[in-house]
2 protein chains.
Amino acid sequence: MKEKIAGTGLKVTHQRMVIYDAVLQMNFHPTVEQIYEDIQGENPSISLGTVYKTLETFVEYGLIDRVFTEEGVRRYDPNLEHHGHIYCTNTREIVDYYSEELNEIITGFFKKRKVNNLKIKNITLQINGDKIDPDKDITIK
Amino acid sequence: MKEKIAGTGLKVTHQRMVIYDAVLQMNFHPTVEQIYEDIQGENPSISLGTVYKTLETFVEYGLIDRVFTEEGVRRYDPNLEHHGHIYCTNTREIVDYYSEELNEIITGFFKKRKVNNLKIKNITLQINGDKIDPDKDITIK
DNA sequence: TTTCAAGTTAAGAATGATTCCTAAGTAATA
DNA sequence: TATTACTTAGGAATCATTCTTAACTTGAAA
């Protein structure tokens, strides 16, 4: 983990390691506030401003991604692997969805088309739906 | 336009007509602030709080949609037709993208799969890329 | 090991985004 | 025209994020 941060050229500070580790373990696309509260117990001197600043620095250096939401609040994703998101409107959860097959289909679709005035970086899916049993996992096979 | 609002069961107030008309004409997924500034000249007595409340009421009653962004600010879309969004990282624009064909491909893909514990409502594309010439349109043929 | 420069952070203030409150206004019905 | 339930203005309050500056610390060089 230390190497991950160092590998970007950033200085490896205690605060950055704590925040990065917290984000890696929170696999539910947390807000800044959730991350701050998660680390507060063991690290009461890390300030909220530092958490805000550090997360945006991680995004800028490619360590994590922001998550698209319609909420008006920032959320973060440590998972840099190409994937889509399932937005559960009833439980407010955001769940990762992977499909190499569908990714290839969509990529192929756009390769066949003439794209003018746009350099495509990546294409992902936003899947909106309602979770049926909040206590069980969502699976798509 | 009046009928659209009335058709939802909402009272047709002057403020609602002004705000709805403004949103219909702003085809760039505006923020609340942008909508408020747009109507201020001709309607200085409509308050910012009213704009916030009215837009969320329109979403609740199915007149407009919220737009997914990673910004931490609310944006709105009057276009209810099923479509995806092209997010231009360099110009910060959000452009609508339609493809009935791709929509059918994706819908078909999920129909063939076993989806557990999720009732899918809709699936949209999130296309991230860089606009090449900011003054020209993006087209995908 | 020590030094030091450059980058980082704490703390709280400031700013921006959104929600709440209440008295006053008004759309729509009778 | 009267009435009522819903809506709104205006500004306060709350929440989300950024800024400022003095103090701290990382990491490279000596």
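I take a nonpolar core as a set of buried Ala, Val, Leu, Ile, Met, Phe, Trp, Tyr and Cys residues joined through side-chain atoms within 4.5 Å, with buried meaning under 20% relative accessible area (1.4 Å probe, protein chains only). The model is predicted: local features need pLDDT of at least 70, side-chain atom pairs count only at pLDDT 80 or more, and totals for chains, interfaces and linings use all residues. Side-chain values use heavy atoms, without hydrogens and water.

Core. I looked up the largest nonpolar core, which has 26 residues; Ile106(A), Phe110(A), Leu125(A), Ile106(B), Phe110(B) and Leu125(B) touch the most other members.

Aromatic pairs. I counted these by ring centres within 6.5 Å, with planes under 30 degrees apart as stacked, over 60 as edge-to-face and the rest as tilted. Tyr97(A) and Phe110(B) make a tilted pair, 5.6 Å centre to centre with 50° between the planes. Tyr97(A) is in strand β4 of chain A and Phe110(B) in helix α5 of chain B, so this pair joins two chains (helices are DSSP runs of H or I, at least four residues; strands of E, at least two). Both residues are buried. I also noted one aromatic cluster of Tyr97(A), Phe109(B) and Phe110(B).

Charges. I checked for a charge over a ring (NZ of Lys or CZ of Arg within 6 Å of the ring centre and within 35 degrees of the ring normal). Arg113(A) sits over Phe109(A), 3.6 Å from the ring centre; Arg113(B) lies over Phe109(B), at 3.6 Å.

Key: Residues are numbered from 1 along each chain as its sequence is written. Chains are lettered from A and ligands numbered from 1 in the order in which they are written. Buried means under 20% relative accessible area, exposed over 50%, partly exposed in between (1.4 Å probe, protein chains only). Rings of Phe, Tyr and Trp (its six-membered ring) pair if their centres lie within 6.5 Å; planes under 30 degrees apart count as stacked, over 60 as edge-to-face and the rest as tilted.
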